[in-house]
Amino acid sequence: MFHRILVEDWQRALSIASFTIFAFVFVLTFIRVLRMPRKRVSHLENLPLENDTHEQRR
Amino acid sequence: MSNAPATSASLSKIRIEYDDDTVRQFTIAAIAWGIVGMLVGVLIATQLAFWQANFNTSWLTFGRLRPLHTNAVIFAFVGNMMFAGIYYSTQRLVKARTASFFLSQLHFWGWQAIILAAAITLPLGLTRGKEYAELIWPIDIAVALIWVVFAINFFWTLARRNEPTLYVAIWFYIATIITVAMLYIINHLSIPTSLTHSYPIFGGVQDALVQWWYGHNAVAFFLTTPILGIMYYFVPKAAERPVYSYRLSIVHFWSLVFIYIWAGPHHLLNTSLPVWLQSLGMIFSLMLWAPSWGGMLNGLLTLRGAWHKLRTDPVLKFFVAAITFYGMATFEGPLMSIRAVNAISHYSDWTIAHVHSGALGWNGFMAAGMFYWLAPRLWNRPLHSVSAANLHFWLGLTGILLYVAAMYVSGLTQALMLSATRESGTVLAYPNFIDAVTSTRALMVIRTIGGAMYLAGYIMLAWNVWKTARLGQAVNGSIEVCVEPPDQAPIGLRGGLFGPPVIYAMLSILFIVGWAASSGVLSGMSIFALIATLMAMSMHKEMTKTSWGQWYEQLLTNSLPFTILTAVAVFIGGIVQIIPTVMFDKAANIEGMRQIPYTPLELAGRDIYIREGCYNCHSQQIRTLVGDVLRYGDYSKMGESIYDHPFQWGSKRTGPDLAREGGKYPSVWHFHHMRDPRQISPGSTMPNFPWLFTDKTDVAALPNKIAVQRRLGVPFPPMTADQLQSSIGKQEQLLSDELKVAGAEVPPDREIIALIAYMQKLGKSEQVPAPTTTHTAAR
């Protein structure tokens, strides 16, 4: 049984399933990202640039 | 100090003073431990060129110090640097002070105590014998507890945040916290035999798979994702412009998190790991090219219009070089995961070059850039010497290039020499392994010089930061925040986890797996169910007129469901790879060759082998490659290490493979070789092990060790204490007598006797009868 589970050919299908799942997730993410409102993107990308007193003193 | 209400007219305005004390502590600790880790690295590099640098002392030998070097650099240097960066950037990105100063301090001091404990125990030979997972079980528990403290503090801070959205750096930190916890706990599952010793619950091929699932993802989720989060915060700060493409950073995150976890088996190509796992590891490693380079380009292009600053700003110099090294290392990693390339790179210094271009170039330079950026802000004073920082950059860069160039040449030399054949591939061109060692001796010296230059650069950094801190004044940053009521109702845990998009996505994934993993009717039904699910999703959207985009937007402002969904993304890879391999009763079902269990004395010898860190230089795995088979014998089978807790396949061959060492040489050969390797093998760089001839074998620990091995499924026969003593005594006496006849005298109770007993057992297996069912019938 151990031998069968580890070496038999059907396990190769996992590679295909894994790749398909990734492609599915990737496409969903990609579509979602493209549809993000510009205003929201602008707000998020500027978050690191908000200065505290560390920067203001400089 | 907690968030204090401001005295201004508006009640919704608050002033926050950040906890930068913890950031300062982690920064100083990272620099100090970094220097220690690099110093040990330079010492062990010297040992590979000059064996005398082992000083004939147990706690200074290569096998014990190499784990100290790797653990110090990964967990002490990068760990402390990562915590400094996370504490600094998280507070500012979420506009809230860290939730608990007590937990921050517990985290800091707990982590330093762990590192100190590791620095003491590893040179003493107290180890679990698994790479980057060597720490003994009480320290492992402490690591898990302190990690939980960190996680509580982090998520508590997120819960108290005044910025509703979560910047992508925070996503990377969340993925780090969740995944490292999962990896660390699973790979460290052990049963103790004493306060300082344990056996991992996995053995043989299972242990190999779990170990490299952990080992690979320690690189991914400890050395990469948190540093990417730091990159996405500090590079825009230093360049004074937003990240090149925020949209690309989102794709970078999800792709990386989803793919990385699957790639672990690429560390075990051409071994006795099942081929389907090797293929899976290779495919996902190749897929990593895309997100890694997407992230690298995103980082580099953030400097658009600011490239001229590179000439004068050491911070940007370090960041740009670091991101470039990230790109090179993440191009090289997938390349090395191609089975044919791996045949050359694995077990050779090519891997060492790859690792160090990542560790020194990516991690070390990102750390240096961050420290130079932080120091003037944390101590309210311009950097003491910009020119010294610039000098550090060039010194460090030259050091890295010398180091990796030497290792590439060395790796290729070793691999090509050791696999070279003549007479139509039937005879080895270089039958003596030592030829590859002596041919690369000069390259080991160059590597040491490169490492020393890199270390010198970091000592300059320590001096520069120390002068800045000493002449400046520690100050905490603060900010005034307008707190606005949220414009959206919270999504809640249930809404986040059981929203229609999640349900439909999970059903689709289930049916995709059903289609791929089944055949005939079941496969057809899965396709039908997948189409039905997609149609139902479409109808649901049409009928309810809801926008799932809004659900996604809400998810991004709700850290808990976001965290759980991220965890699901990383769990999938682990589940698919590990569950099929570990769920079956291995020994009862093995076919072909099966390992003969060790005797008690051989087990004691094996523990000495692990204690001395022999696995750092010697593999126990003959790959399915012509060079390996001609040199060491028939390739290793899955069942031949089935009782090995932990497995000892190794990752580097500074010396030859030992999988079939048993019986290859007489016992007296091992006796003299362990006392003075150069007497047997001129040119060898192996240390002398004089203490093995004076120290007594720890027989008293064996009853507990054997009891644990039996619990793990190793078929040790039941023995009374007297029978055990008798078994050990007889084998010791036999070996001692054999040595005496050959002219080597040593009392039978010395460690060298147990070690030789173990060495002579390596590769002893028995044939297992073929199964009665045929291949087709079993299906």
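In helix α29(B), the buried residues are Glu751(B), Ile752(B), Ile753(B), Ala754(B), Leu755(B), Ile756(B), Ala757(B), Tyr758(B) and Met759(B). This helix, spanning residues 751–759 of the predicted model, is thus mostly covered, with nine of its nine residues buried. The cover over the buried residues of α29(B) includes α23, α25 (667–675) and α28 of chain B.

Helix α27 (residues 702–711) of chain B has buried residues at Leu702(B), Lys705(B), Ile706(B), Val708(B) and Gln709(B). These residues lie on the same side of α27(B), because they cover an arc of only 160 degrees around the axis. In general, an α-helix has 3.6 residues a turn, so residues three or four places apart point the same way. After α27(B) comes Gly713(B), which has a positive phi near 100 degrees.

The overall architecture of chain B comprises 30 helices and nine strands. The C-alpha trace spans about 95 × 75 × 55 Å along its principal axes. The radius of gyration of chain B, 28 Å, agrees with the value near 28 Å that a compact globule of 779 residues would have. Buried residues account for 52% of the 779 residues in chain B. Of the contacts in this chain between residues at least 6 apart in sequence, 82% join residues at least 24 apart.

Most residues other than glycine have a negative phi, and most peptide bonds are trans. Lys95(B), in the loop between α2 (62–94) and α3 (101–121), has a positive phi near 55 degrees. Lys95(B) counts as buried because it has 23 C-beta neighbours inside 10 Å. A positive phi, near 65 degrees, is also found at Tyr347(B), a residue of the loop between α12 (339–345) and α13 (349–378). With 25 C-beta neighbours inside 10 Å, Tyr347(B) likewise counts as buried. The peptide bond joining His645(B) and Pro646(B) is cis, with omega about -5 degrees; Pro646(B) belongs to the loop between α24 (626–632) and α25 of chain B.

For chain A, the mean pLDDT is 76, and 72% of the residues reach 70 or more. Confidence in this chain is highest in helix α3 (residues 38–45), at a mean of 92, and lowest in helix α1 (residues 2–7), at 48. Residues 1–5 of chain A have pLDDT below 50, and this stretch has twelve contacts in the model beyond near neighbours in sequence. Where pLDDT is low, the predicted coordinates should not be read in detail.

Notes:
Residues are numbered from 1 along each chain as its sequence is written. Chains are lettered from A and ligands numbered from 1 in the order in which they are written. This is a predicted model: local features need pLDDT of at least 70, side-chain atom pairs count only at pLDDT 80 or more; totals for chains, interfaces and linings use all residues. Helices (H or I, at least four residues) and strands (E, at least two) are DSSP runs, numbered from the N terminus. The radius of gyration is taken over C-alpha atoms; the globule rule is 2.2 Å times the number of residues to the power 0.38. A residue is buried if 20 or more other C-beta atoms lie within 10 Å of its own, exposed if 12 or fewer, and partly exposed in between; C-beta atoms are placed from the backbone. Two residues are in contact if their C-beta atoms, placed from the backbone, lie within 7 Å. The arc is that of the directions from the helix axis to the C-beta atoms. pLDDT is the predictor's confidence in each residue, from 0 to 100.
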